[in-house]
Amino acid sequence: MSGPNNSYDPVQVTPLGEEQVVAMRDAALAAIAGAVDLEALKVVRSDHAGDRSPLGLANREIGALPPQAKKDAGMRIGQARAAVNQAMAARQEVLEAEAEAQMLVTETVDVTLPWDRTPRGARHPITMMSERIADIFVAMGWEVAEGPLVEAEWLNFDALNLGADHPARTMQDTFWTEPAENHVVLRTHTSPVQARTMLTRTPPIYVVCPGRVFRTDEYDATHSPMFHQVEGLVVDEGITMAHLKGSLDHFAQAVFGEGITTRFRPSYFPFTEPSAEVDLICFVCRGTGQNEVGDGSCRTCRGEGWIEWGGCGVVNPRVLVACGVDPERYTGFAFGMGIDRTLMFRHGVDDLRSFFEGDVRFSRAFGTEI
Ligand code: DAH
C-alpha cells in the first residue's frame with residue numbers, strides 16, 4: 001500500500017482554484033441581490049448554496065485533495081460559502097420585512113367604512129305575488145299544489161280534454177322535448193296540476209297552484225317564453241258556478257281592494273263547460289273608465305272600466321272522468337290567470353321583461369319584505 005502522494009499538489013485543479021471559487025461566490029451574491037421576493041430567494045438558495053450548487057459540489061471535492069491543496073481550497077470555499085450564507089440571511093431579512101409591509105397594506109381593513117349600508121336583497125315581485133295569492137286561498141282552507149315544469153303531454157293536454165287533433169292545442173305554442181316519442185313537454189299552463197291533483201286525491205279538493213309555464217313566444221314587452229300562472233281547482237259535491245264567482249270576487253278584492261269584483265264573459269276552454277273570461281273592475285277608475293280629473297279615459301283600463309284577468313269555468317265532466325272522478329257525484333270549478341300580467345297592471349309595469357332582467361332596483365321598488 002502506498003502512502004499519500006505528497007509531491008503531487010494540484011492547486012490549480014478546477015473547480016477549486018481561486019478564480020473559480022470567486023466566480024461561484026460572485027454569481028451567488030449577484031443572484032441573491034437579484035431575488036425580488038422570498039419565493040425567488042428560495043430558488044437562489046438551492047441553486048447557489050445547496051448541496052448540489054457549484055459551491056456545495058466544490059465543498060464535497062475538498063476531501064479528495066492532498067493536504068496543502070485541501071487546506072487552501074478549504075479556506076477559499078469556506079470563506080466563499082460564509083459570504084454567500086451571510087448575504088442570503090441579510091437578503092432574507094430584507095425580503096421578509098418587505099413582505100410583511102406589503103401584507104399590512106393589502107390586508108388593511110378600513111374600520112371607518114360604514115357597516116350598516118350593505119344593500120339588503122329584495123324578494124322578487126313575482127315570488128311575493130305568488131305567495132300572497134297562495135295565502136289568500138290558504139286562509140279559506142285551500143291547499144297549495146305543485147307539479148313539474150317538464151310535463152307529460154297527456155297531462156298537459158289530453159287529460160284536459162285537449163286531444164291530439166283539438167284546434168285549441170295550437171293556441172298554446174308548445175316546447176316539445178326530445179325524443180318526440182316520449183311525449184314530454186314543458187308545461188304550457190298550470191292546468192296539468194289540476195289533472196295531477198284529481199288523479200292523486202279524492203274529493204273534496206280545494207287547491208291553488210302558482211307556477212311557471214312555458215310557450216314558444218317571442219321575448220318582448222308583453223310576451224316571454226317563460227311566465228307565471230296561478231290555477232285554482234275545486235271539486236266537491238254540489239259545486240256550482242256561483243261558488244266560482246264568489247271565490248274569484250274574494251280573490252280580486254284581496255289583491256286589488258274592497259269593491260273590486262269580477263264579471264264573467266262567455267268563452268271557451270276545452271277543460272271547462274261552461275267557460276268564461278274573467279274581467280276585473282278597474283281598480284284605478286273603479287269602473288268609470290274616466291281618468292282622475294275626468295277629462296279623458298283611464299290609462300289602466302283604457303277607458304273600458306274593466307281589465308281582462310283570466311279564464312275560468314265549471315270543470316268539464318270529460319276531465320273529471322279522465323282523472324278518475326265520478327261526474328255523477330262531483331262537480332267542480334277551475335280558473336287560471338297570469339301572475340306576471342296581474343302584477344303588470346297592478347303596478348303599472350309596461351314592460352314584462354322588467355321582471356326577468358334581474359335588476360334589483362326594480363325588485364326593490366316593490367318593497368323588501370323578506
Ligand atoms: N289554462 C288556461 C290558459 O293557460 C287558463 C285557464 C282557463 C285555466 C280556464 C283554467 C280555466 O283552469 O278554467 O290559457
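Helices here are DSSP runs of at least four residues and strands are runs of at least two, both numbered from the N terminus. With that in hand, let's walk through this predicted model.

**Stop 1: Pro204.** Select Pro203 and Pro204 and show their backbone. The peptide bond joining Pro203 to Pro204 is cis, and its omega is near 5°.

The remaining stops show exceptions of both kinds.

**Stop 2: Pro179.** Next, select Glu178 and Pro179. Here too the connecting peptide bond is cis, with omega near -10°. Pro179 sits in the loop between helix H6 (153-156) and strand S3 (184-186). Keep that loop on screen for the next two stops.

**Stop 3: Asn161.** Select Asn161, which is found in the loop between H6 and S3. Its phi is near 70°, a positive value in a residue that is not glycine.

**Stop 4: His183.** Finally, select His183, also placed in the loop between H6 and S3. This residue is not a glycine either, yet its phi is positive, at about 55°. With a relative accessible area of 42%, His183 is partly exposed.

Conventions:
Residues are numbered from 1 along each chain as its sequence is written. This is a predicted model: local features need pLDDT of at least 70, side-chain atom pairs count only at pLDDT 80 or more; totals for chains, interfaces and linings use all residues. Side-chain values use heavy atoms; hydrogens and water are left out. Buried means under 20% relative accessible area, exposed over 50%, partly exposed in between (1.4 Å probe, protein chains only).
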